[in-house]
Every structure is written in structure tokens, then in C-alpha cells.
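Trainee: I am new to this structure. Can we go through it by question and answer?

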Amino acid sequence: MQFMLIVKASTNTEVGNSQSPELIEAMSKYNEELLKAGVRVMAKGLHPSSNGMRISYSKPGEKPVVTNGPFSETKELIAGFILIDVKSREEAVEWAMRMPDPMGNGEGQIELRQLHEEPGETENSETFSI
């Protein structure tokens, strides 16, 4: 079962503030633990929304609209993610609970979401469906 640990953005991540050396060390240790356990598939941080864009499909059949960042609703933005492959939902929650505060100052928030698996899908399949 694959789960995504979605690290929510904060005011600090949106302005590009760097993490403290202590937080970098704690997150590195956490990532090493995920790797040693063989559950980490991928982990990446994202640039601030000022470097991003949104593609909106506001009218059926019409061309989508592109809106450049930054985006004002920080609580709705993502700063990064870790994709894990575990045996159960409970194991995914355990790994999420072990993650250090990703903001390091009490602003951190992680959203845990399970990925869809198609019938007959293997670990190496690259299927996208919503």
C-alpha cells in the first residue's frame, strides 16, 4: 500500500526561509530510517508557490486557464512530500507520527493520503487515475 505524507506549506516555506541545521539533521535522520526500513519510495521538497502555476478547468470544453503564483492561501499549499510503500494504514500512520515537525517551529502539518491501486497493478506500474 502506498501513502503520501504531504508536508503542508507555511509562511516560512513560501518566502523561501531555510530550515535550521537541527531540523535538517532531524529530517535527514528520519529519511535514513525510512530508507533502512525499505519503505521510502521518493521524497522531495517543492519550490515556493511564487515559482508555480495553476491550471484551472473552469468551463467544460474550453481551454484551461493558467494562473501564475504566488498563491495566497498558504494553508492549502504543499511544501514537499514523502511517498512510502507499507503493509498497512496503521504502519503509514506510525511512520507519519515519527516525522519531526517539518517546519521546526510548531507550524508543521502533515497530511497522510493513500494512493489508488488498480487491480493487477504491480509496484513498478505507473498508473494515474483520480
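**Helices, strands and one lysine**

Mentor: Start with helix α2. It has 17 residues and spans 24 Å from its first C-alpha to its last, close to the 24 Å expected at 1.5 Å a residue. Keep in mind that this is a predicted model.

Trainee: Which residues of α2 are buried, and how are they arranged around the axis?

Mentor: The buried residues are L23, M27, Y30, N31 and L34. Seen down the axis of α2, they fall within an arc of 95°, so they line one face of the helix. In general, an α-helix has 3.6 residues a turn, so residues three or four places apart point the same way. For α2, then, the answer is one face, made of L23, M27, Y30, N31 and L34.

Trainee: Which exposed residues does the face turned away from the buried side of α2 carry?

Mentor: Look away from the buried side of α2. The exposed residues on that face are P21, E22, E25, K29 and K36.

Trainee: What do the buried residues of α2 pack against?

Mentor: Both strands and a helix are involved. The partners of the buried residues of α2 are β1, β2 (40-45), β5 and α3.

Trainee: Which residues of α3 are buried, and within what arc do they fall?

Mentor: Helix α3 covers residues 89-98, and its buried residues are A92, W95 and A96. They line one face of the helix, because seen down the axis of α3 they fall within an arc of 100°. On the other side of α3, E90, E94 and M97 are exposed. So the buried residues are A92, W95 and A96, and the arc is 100°.

Trainee: How many residues of β1 are buried, and which strands are joined to β1 by bridges?

Mentor: β1 is mostly covered, with five of its seven residues buried. Seven bridges join β1 to β5, and the two run antiparallel. Five bridges join β1 to β6, also running antiparallel.

Trainee: Is K8 buried or exposed?

Mentor: K8 lies in strand β1. Buried means under 20% relative accessible area. K8 has 13% relative accessibility, so K8 counts as buried.

Conventions
Residues are numbered from 1 along each chain as its sequence is written. This is a predicted model: local features need pLDDT of at least 70, side-chain atom pairs count only at pLDDT 80 or more; totals for chains, interfaces and linings use all residues. Side-chain values use heavy atoms; hydrogens and water are left out. Helices (H or I, at least four residues) and strands (E, at least two) are DSSP runs, numbered from the N terminus. Buried means under 20% relative accessible area, exposed over 50%, partly exposed in between (1.4 Å probe, protein chains only). The arc is that of the directions from the helix axis to the C-beta atoms. Two strands pair if DSSP finds at least two bridges between them. The expected span of a helix is 1.5 Å times one less than its number of residues. Contact means heavy atoms within 4.5 Å.
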